[in-house]
Amino acid sequence: HEHSLTPLSNAYRIHTNGDTGAQHPGPMIFSHPTKFLDALFVPHIRDKAKMQTILSSEEAIASEALFVHADVRGASMNDLILSQHGISSSNFPPNKLIYS
């Protein structure tokens, strides 16, 4: 599943010891919900029902934090504008660190 960040993950590599050293992958790009270091990373998903299913999953509930690319209704955006669309904040598991 490719998206606009795919070229970044394909082009950027970390080199140890200059250009002659070992190459390591650059930024991690998640195209699907992924658990990493006890946090659940969720890419943008347009289907609200699918997003709600992911947020209520055992994996989300067991995670320490959620990094979610989502439009959350009522969230503050630029220029003091509140989001009018997206999912309700009540869909997120309680007592979790949420980054969106």
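How does Phe36 count at 33% relative accessibility: buried, partly exposed or exposed? Phe36 counts as partly exposed, a label that covers the range between buried (under 20% relative accessible area) and exposed (over 50%), with a 1.4 Å probe and protein chains only.

A word on the model before the close-ups. This is a predicted model, in which local features need pLDDT of at least 70 and side-chain atom pairs count only at pLDDT 80 or more, while totals for chains, interfaces and linings use all residues. Residues are numbered from 1 along each chain as its sequence is written, and side-chain values use heavy atoms, with hydrogens and water left out.

View A. Strands here are DSSP runs of E with at least two residues, numbered from the N terminus, and two of them pair if DSSP finds at least two bridges between them.

**View B. Strands 4 and 5 side by side.** Strand 4 (residues 39–42) and strand 5 (residues 65–68) run parallel, joined by four bridges. Look for Val42, which stands opposite Val68 in strand 5.

**View C. The aromatic rings.** Rings of Phe, Tyr and Trp (its six-membered ring) pair if their centres lie within 6.5 Å; planes under 30 degrees apart count as stacked, over 60 as edge-to-face, and the rest as tilted. The count by this rule is three aromatic pairs. One of them is Phe41 with Phe67, stacked at 4.7 Å centre to centre with 5° between the planes. That pair ties strand 4 to strand 5, with Phe41 and Phe67 26 residues apart. Phe41 is partly exposed at 21%, and so is Phe67 at 34%. Phe67 also stacks with Tyr99, at 4.8 Å centre to centre and 15° between the planes. Here the link runs from strand 5 to Tyr99 in strand 6, 32 residues apart. Tyr99 has a relative accessible area of 42%, which makes it partly exposed. Taken together, ring pairs link Phe36, Phe41, Phe67 and Tyr99 into a cluster.

View D. Along with Met28 and Leu37, Phe36 makes a nonpolar surface patch of about 340 Å². Patch members have over 30% relative accessible area and no salt bridge, and nonpolar side chains (Val, Leu, Ile, Met, Phe, Trp, Tyr) are joined within 5 Å, like charges within 9 Å. The areas come from the Shrake-Rupley method with a 1.4 Å probe.

**View E. The salt bridge.** A search of the whole structure turns up one salt bridge, meaning a side-chain nitrogen of Lys or Arg within 4 Å of a carboxyl oxygen of Asp or Glu. The partners are Lys35 and Asp38, at 3.6 Å from N to O. Lys35 is partly exposed at 33%, and Asp38 is partly exposed at 35%.

**View F. Thr34 and Glu59.** Thr34 lies in strand 3 and is partly exposed, with a relative accessible area of 22%. Glu59 is 25 residues away from Thr34 in sequence, and the two are 9.2 Å apart in space, C-alpha to C-alpha.
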